[in-house]
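Biologist: I'd like to learn how to read a protein model. Could you walk me through one?

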Amino acid sequence: VLTTIDEAEAPTEARQLIDRTEQINDAEETRAIIEMVTTIISYKFKELTPREVEEMLDITFEETRVYREVKAEAERKGLEEGLEKGLEKGLEEGLEKGLEEGLEKGRKDEALSLVTRLLKKRFGQLDSYVQSTTAELSVEDLEDLSEAIFDFSNERDLKNWLQERSK
């Protein structure tokens, strides 16, 4: 009936159909009828917002299938957009952090290589303690060591300096 009657009569007929559902004891059947009525009215009056259809039919739109479908679609799109933006931001931050860490590792490797060459030139072959302790120093400590090398009288001074820094 709702699909064939005039638009002017449709709201009244729709409300009457919805009112008749109060006499039905089966909640699923009632909800199915209300959903069918609201769907027909929503398609018949496409220019109306969901709230306007709700007011026209004097119902709570949240209870209808159309509302649930619109809400589910909006949530899905929101989730997709959020995921996409999150991935973009995560990749951007990950690349930035990876680049920073790579540059820092490169600085440390180069500083360690330079200090090791200077120590070998000054003291000859380095024992395992000096090699391992030097490898654990920060870039700043390696830079400090590259200057301190010239103040050491012997390898014992070097080991004392390393012990102080590794505390």
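This is a predicted model: local features need pLDDT of at least 70, side-chain atom pairs count only at pLDDT 80 or more; totals for chains, interfaces and linings use all residues.

Biologist: Which residues of helix α3 are buried?

Modeller: Buried means under 20% relative accessible area, with exposed over 50% and partly exposed in between (1.4 Å probe, protein chains only). Helices are DSSP runs of H or I, at least four residues, numbered from the N terminus. In α3 (residues 50-57), the buried ones are Val 53, Glu 54, Met 56 and Leu 57. They sit on the same side of α3, because their arc around the axis is only 165 degrees (taken from the directions from the helix axis to the C-beta atoms).

Biologist: What covers them?

Modeller: Their cover includes α1 (10-20) and α2 (27-44); contact means heavy atoms within 4.5 Å. Just past α3, Asp 58 has a positive phi of about 55 degrees.

Biologist: How do α5 and α7 cross?

Modeller: Axes are lines fitted to C-alpha atoms, for helices over the stretch in contact, and angles run from 0 to 180 degrees between N-to-C directions. The axes of α5 (residues 128-135) and α7 (residues 155-165) come within 11 Å and cross at roughly 40 degrees. On the α5 side, Tyr 129, Val 130, Thr 133 and Thr 134 meet Glu 155, Leu 158, Lys 159, Leu 162 and Gln 163 of α7.

Biologist: Is Thr 134 buried or exposed?

Modeller: Thr 134 counts as buried because its relative accessibility is 3%. Leaving out residues up to four places away in sequence, Thr 134 touches Leu 112, Val 115, Leu 119, Leu 142, Leu 145 and Leu 162. Thr 30, by contrast, is 104 residues from Thr 134 in sequence and 79 Å away in space, C-alpha to C-alpha.

Biologist: Which residues touch the most other members of the largest nonpolar core?

Modeller: A nonpolar core is a set of buried Ala, Val, Leu, Ile, Met, Phe, Trp, Tyr and Cys residues joined through side-chain atoms within 4.5 Å. Of its 16 residues, Leu 119, Leu 145, Phe 152, Leu 158, Trp 161 and Leu 162 touch the most other members. Helices α4 (65-123), α6 (139-148) and α7 each supply at least two residues, and the largest share, five residues, comes from α4. A second, separate core of 13 residues includes Leu 2, Val 37, Phe 45 and Val 53.

Notes:
Residues are numbered from 1 along each chain as its sequence is written. Side-chain values use heavy atoms; hydrogens and water are left out.
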